[in-house]
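Reader: Hi! I'm new to looking at protein models. Could you walk me through this one?

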Amino acid sequence: MNPTHHPSPESAMRHALALAECAIGLSDPNPRVGCVITNAEGRVLGSGHTQAAGQAHAEVMALRDAQTRGHDVRGATAYVTLEPCAHHGRTPPCCEALIAAGLARVVVAIGDPNPLVAGQGMARLRAAGIQTELGLFSEAAQELNIGFFSRMQRGRPFVRMKIAASLDGKTALLNGQSQWITGLAARTDGHAWRRRAGAVLTGVGTVRDDDPQLDVRLVETTHQPLRVVIDSRLGTPVGAKLLRGKTPALIYCAQDISTHPGAAPLLAAGAELVSLPNRQGKVDLGQVLTDLGARGINELHIEAGAKLNGSLLREGWVDELLIYLAPKMLGQGFGMADIGALSSLQEAQQWRWLDCEMRGEDLRLRARRP
């Protein structure tokens, strides 16, 4: 933004939200936050966004930017997309930095759901004599950090299930061939959604059939998501591509890791194994989400087969569907999700459409639970 431009509060917050988007794939497990500091005339003095975990938050980056430019921020207004933190974590409280800088006003899009903050940042600012406002573009700010809000409020990630299918709803031929149903533009867009996620999850069947890497390759990213496999019987091949890489893959199973013969080779291959069995001898998917939440995963990206997709949908763990439809008819083959037989239309799962966009020759659909 041109520093001589005099933005309105709305355009200043839009600028902050755009900056916050730059933290996607960078700030996890911290939220994506942007900050813009303006003077009384609306001139931008400094701006910034959250850096990698343990590094500076958006407010500090904006203050540094203003200092670098030689601007005095005393009496200025800060537009922040999330309530400034009030606790000592890996970095000092941002509200204290704003107070020390002598700002007169802080406009915040939405409060921080973290119990360690939850209104305390705003309260500290007011106690220091700083005028505060809350709620400008709150929906956009929450959407940007939908996973962070989920983890703070529900103790589990926001779950997005990605499916690539033909026009007649097939994700693979009967012989298992599935690469590639959709085109490069759709696959690249899918990698952009992977980049948003703290973890990408699949099932052991997909690992055996497709040997996916589950990493981000088609778009630039500063970090790779955690790769997660649901594998009840520990049948993941030790030569699987997802076991390679700098960070170990995480495999959830339903076996006794200390005695099962498949455990030692996977551990030797660098995998982390966690046993979370349910009463049926399968992996407890609810406990998986709780564990991933405890690991700081905000958004979980699912790329699995019909069986695991069906289990996740049937148990109600999926928050959003991300579906790419190719203009092809495959006839017989594997479907999107095996949720079982229904006896009436009233039993059908209800979703609401979010958007519909073209990606190359393919159609991208997004839907959420009502």
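**A look inside**

Author: Happy to! This is a predicted model, and the structure holds 1 cavity of 30 Å³ or more.

Reader: Nice. How much space lies in the largest cavity?

Author: About 30 Å³. Rolling a probe the size of a water molecule over the atoms shows where empty space is left.

Reader: And which residues line the largest cavity?

Author: The lining is made of D28, N30, R32, L144, N145, G147, F148, N298 and E299.

Reader: What about the peptide bond from D28 to P29, cis or trans?

Author: That bond is cis, with omega near 5 degrees. P29 sits in the loop between α1 (9-21) and β1 (34-38). Most residues other than glycine have a negative phi, and most peptide bonds are trans.

Reader: Then what is the phi of A118?

Author: A118 has a positive phi of about 40 degrees, although it is not a glycine. Look for A118 in the loop between β4 (105-108) and α4 (120-127).

Reader: Switching to charges: how many salt bridges are there?

Author: The count comes to 24. One of them pairs R295 with E272, and their closest N and O atoms are 2.8 Å apart. This pair links distant parts of the chain, 23 residues apart: R295 is in the loop between α10 (285-294) and β12 (299-302), while E272 is in strand β11 (residues 272-275).

How values were computed
Residues are numbered from 1 along each chain as its sequence is written. This is a predicted model: local features need pLDDT of at least 70, side-chain atom pairs count only at pLDDT 80 or more; totals for chains, interfaces and linings use all residues. Side-chain values use heavy atoms; hydrogens and water are left out. On a 1 Å grid over the protein atoms alone, a cavity is a set of points where a 1.4 Å probe fits but cannot get out, and a pocket is an open set with protein on both sides within 12 Å along at least five of seven lines; lining residues have an atom within 4 Å of a point. Grid points are joined across faces, edges and corners, and a volume is the space filled by probe spheres set on the points. A salt bridge is a side-chain nitrogen of Lys or Arg within 4 Å of a carboxyl oxygen of Asp or Glu. Helices (H or I, at least four residues) and strands (E, at least two) are DSSP runs, numbered from the N terminus.
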